[in-house]
Amino acid sequence: MLHQLSWKVGGQQGEGIESTGEIFSTAMNRLGYHLYGYRHFSSRIKGGHTNNKINVRTSTVHTIPDDLNILVAFDQETIEINYKELTKEGVILADAKFKPVKPEDCLAELYIVPFTEIATELGTSLMKNMVAIGATAALMNLEDEVFQSVVNEIFGRKGEAVVQKNMEAIAKGHQITNELLKDQVGKFELEPGDGKHRLFMIGNEALALGALAAGSRLMSAYPITPASEIMEYLIKKLPKFGGTVIQTEDEIAAATMAIGASYGGARAFTASAGPGLSLMMEALGLAGMTETPLVVVDTQRGGPSTGLPTKQEQSDLMAMLYGTHGEIPKVVIAPSTGEEAFYDMIQAFNIADELQLPVIVLSDLQLSLGKQTVEPFDYSKISINRGKLKMDELPELEDKQYFKRYEFTEDGISTRVVPGQKYGIHHVTGVEHNEEGKPSEAAGNRKKQMDKRFRKLQYVHFDTPVFTDAPNKEADVLLVGFGSTKGAIEEIRPMLDAEGIKTNHAHIRLIYPFPVEEMKPLIDHAKKVIVVENNATGQLANILKLNMGHHDKIVNLTKYDGTPFLPLELLDRVKELLTDGDI
Amino acid sequence: MVTFKDFRNTVKPNWCPGCGDFSVQAAIQRAAANLDIEPHELAVVSGIGCSGRLSGYINSYGLHGIHGRALPIAQGLKMANRDLNVIATGGDGDGFAIGMGHTIHSIRRNIDITYVVMDNQIYGLTKGQTSPRSAAGFVTKSTPGGAIEPSLKPLEVALSSGATFVAQSFSTDLKELTAIIEEGMKHRGFAFINVFSPCVTYNKVNTYDWFKEHITKLSSVEGYDPSNRTEAMRTVMEYEGLVTGIIYQNENEPSYQEKVIGYHEEPLNKADIMIKEEELNELMKEFM
């Protein structure tokens with residue numbers, strides 16, 4: 001029996017490919033397997049090849065694998081595009097309808113199953129995906145019943161008869177595959193799952209749920225790939241919590257509306273991707289200058305300009321660190337898993353409130369859209385800290401006297417009050433200002449206010465600035481990354497170890513202010529530092545060099561073709577870099 | 001009892017003597033006092049430009065934001081605290097050039113705030129360039145051969161964008177202007193108020209005298225009915241936009257806040273935001 005299975009379904013966009021993957025993976029999740037799914041799609045509504053690859057495992061997994069065991073194909077294009085991933089034991093289950101042809105150099109077996117025909121016989125060709133799931137069940141030696149609860153949920157509201165029909169389609173697909181494939185039946189049987197209840201969600205859902213748990217009651221946003229699921233999730237849930245999502249006319253309005261709401265004392269945020277973030281830059285400056293808490297999620301995608309809107313990239317890093325004119329204090333955090341996405345959102349809101357500044361949560365397309373197993377969130381880890389926000393009664397002020405909203409303090413953080421409070425009147429402006437918020441261009445005041453704002457960065461409390469897995473005192477290689485590259489790095493470390501290459505792993509989660517202290521021993525005790533990132537210019541590597549020095553041993557390992565790192569590919573690239581050098 | 005003097009602060013405006021914006025400031029202060037609002041219950045959000053400074057000259061909460069973005073900031077603020085009185089202000093460059101998109105969509109959205117535009121048909125703070133409100137042929141530093149584009153028609157734009165309150169006034173007519181701002185603040189949705197506020201330094205065409213000569217008060221138009229949108233549009237077109245008074249008001253249309261499903265009756269900024277354990281469990285169940 002296997003510990004891991006890689007399964008993929010492909011066809012034309014709009015053909016139910018997504019729901020096929022959804023039904024299969026939800027059932028696997030309920031059996032207690034760990035999953036990681038990644039969707040290949042295009043920026044169009046119907047047509048165009050799409051596929052959904054799902055890694056099913058009996059232990060934790062944060063990436064899709066290079067190879068493939070089962071390919072379910074609804075058209076010839078799916079075979080052509082994906083057959084090279086198949087192992088020589090692999091199987092293609094193809095719909096007889098399109099008269100599938102096996103490519104000459106395909107190592108795997110092609111099995112032709114009449115998906116559409118069976119579905120049509122049962123009433124509608126729409127059920128061809130259920131037949132395919134039945135065929136998969138045969139190869140994996142699964143009982144049809146494991147799909148029952150999922151089918152109930154999806155088709156329940158259409159009535160018992162529809163549920164029955166779909167279950168029949170699964171059974172039929174199972175049965176005919178048993179007959180057709182005889183010796184292959186059960187070939188891909190997995191060790192049983194542990195039956196534990198885990199969450200199966202995309203990163204954007206974890207981010208959205210995190211915002212909700214952080215107490216955000218208002219989101220202003222403009223739709224964009226790959227961020228839209230955050231607003232779509234919250235518009236369903238926020239009304240139950242008294243809040244709402246406002247779809248604004250553009251990202252400038254989205255960011256400034258969130259600033260207005262935050263100025264008003266609510267926890268508000270926005271989420272977008274590269275093009276939207278470019279439009280928000282001036283607003284970030286306003287939040288920084290006026291010391292208004294602001295949380296912005298950037299789900300990075302392929303840039304520049306419209307770039308690769310549906311593809312993976314991590315190239316906004318420099319823009320997020322240095323974007324907006326002038327200089328403001330800002331915090332940039334980068335979750336790398338669904339769990340981190342959830343807890344980091346809570347931390348982001350707390351930091352924004354505590355330090356009264358913009359916090360950017362940097363995701364990427366693979367994390368945001370990759371559907372992954374996530375451990376249930378721990379309620380006891382949720383805490384809300386609003387810093388020096390004072391919402392109760394304020395001491396009396398003399399007539400016309402303004403509240404010192406920007407009072408000089410030791411930690412640079414001043415008491416924040418909100419409109420509506422008696423004796424709290426003050427001015428807020430993006431112009432340089434004095435302690436009362438009134439415009440002031442005096443040189444002395446300017447310097448003191450700049451110093452005050454930047455002093456706050458010394459007080460960033462973030463629980464794990466660097467995820468570290470460093471079993472080696474002296475490592476041959478320190479692998480460094482951020483965001484969704486974590487999974488691929490985790491996968492290759494045992495393989496490198498088996499070849500006698502000692503590795504440590506540092507995944508940077510707090511990118512600004514940069515965790516120099518945490519990174520120093522890791523870099524000192526590594527012969528070589530390989531920085532793995534999805535961009536062309538090695539942005540994280542440059543930030544590492546800027547903060548840590550060690551230009552001699554920091555090496556770039558970049559990928560910018562729009563696809564995520566695959567473990568075996570990464571392994572080869574790392575080994576290449578090692579033979580190049582002096583190890 | 002609140003008086004307009006309560007809304008004065010100690011900051012001396014940096015406007016030119018004779019600027020129309022002084023009266024707009026006075027009218028906002030008087031309107032708020034007439035409505036018996038306390039200074040801390042009012043927030044003025046302004047954009048950038050001469051007019052943008054207004055939020056700093058009133059003894060109330062004030063936010064002076066970025067060019068063209070007063071409206072989204074003001075809407076966010078109102079959504080965070082539905083009990084607060086929120087006025088957005090700005091100039092014609094702020095509202096009709098860089099911020100035009102927000103103006104139209106704020107009108108459509110109909111969140112209950114009041115927007116007062118100080119319309120002087122010129123860019124003042126940058127020292128005399130053309131504005132979207134400058135008439136064709138208007139000679140400025142950036143249009144030495146005269147403005148090529150026609151002047152934007154804010155009232156027609158507002159009416160066609162689904163406005164529920166459209167008014168216009170002239171800064172010298174403090175009584176009418178105050179009354180209009182008061183009505184705008186009482187209006188249950190978004191109130192759009194354009195105010196002719198002459199620039200005495202850079203606009204030598206649209207002067208106080210010019211406006212006096214060209215303006216028609218709607219109160220003098222017999223039988224004018226501000227609840228009739230078609231008549232409003234026809235009248236605005238007939239007088240080429242040079243009318244003052246309440247041009248259109250729809251008192252029956254609920255505001256955005258009234259329409260949002262589930263939106264808390266209590267201000268959001270006072271809500272208990274800590275999620276309950278059973279709520280989180282319920283949300284997680286959907287992913288299992």
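These entries cover the cavities and the residues that line them.

Entry 1. I note at the start that the model is predicted. I searched the whole structure for cavities of 30 Å³ or more and got three.

Entry 2. I took the largest cavity and looked up its volume, which is about 60 Å³. Which residues line the largest cavity? I listed A:Tyr263, then A:Thr290, A:Glu291 and A:Thr292, then A:Arg405 and A:Tyr406, then A:Arg416, A:Val417 and A:Val418, and finally A:His426 and A:Val428. I sorted this lining by residue class and found five nonpolar, three polar and three charged residues.

Entry 3. I checked which domains of chain A contribute to the lining of the largest cavity. Domain 2 (200-381) and domain 3 (388-463) each supply at least three residues.

Entry 4. I moved on to the second largest cavity, which holds about 50 Å³ of space. Its lining consists of A:Ser262, A:Ala266, A:Arg267, A:Ala268, A:Pro293, A:Leu294, A:Val295, A:Phe349, A:Ala352, A:Asp353 and A:Arg386. Which elements give two or more residues to this lining? I found strand S11 (294-300) and helix H12 (338-355), both of chain A. H12(A) gives the most, with three residues.

Entry 5. I classed the lining of the second largest cavity in the same way and got seven nonpolar residues, one polar and three charged.

Terms used: Residues numbered from 1 in each chain as written. Chains lettered and ligands numbered in written order. Predicted model: local features only at pLDDT ≥ 70, side-chain atom pairs only at ≥ 80, totals over all residues. Heavy atoms only, no water. 1 Å grid on protein atoms, 1.4 Å probe; cavity = no way out; pocket = protein on both sides within 12 Å on 5 of 7 lines; lining within 4 Å. Points joined across faces, edges and corners; volume = space filled by probe spheres on them. Nonpolar A, V, L, I, M, F, W, Y, C, P; charged D, E, K, R; others polar. Domains from an automatic or database assignment. Helix = DSSP H or I, 4+ residues; strand = E, 2+ residues; numbered from the N terminus.
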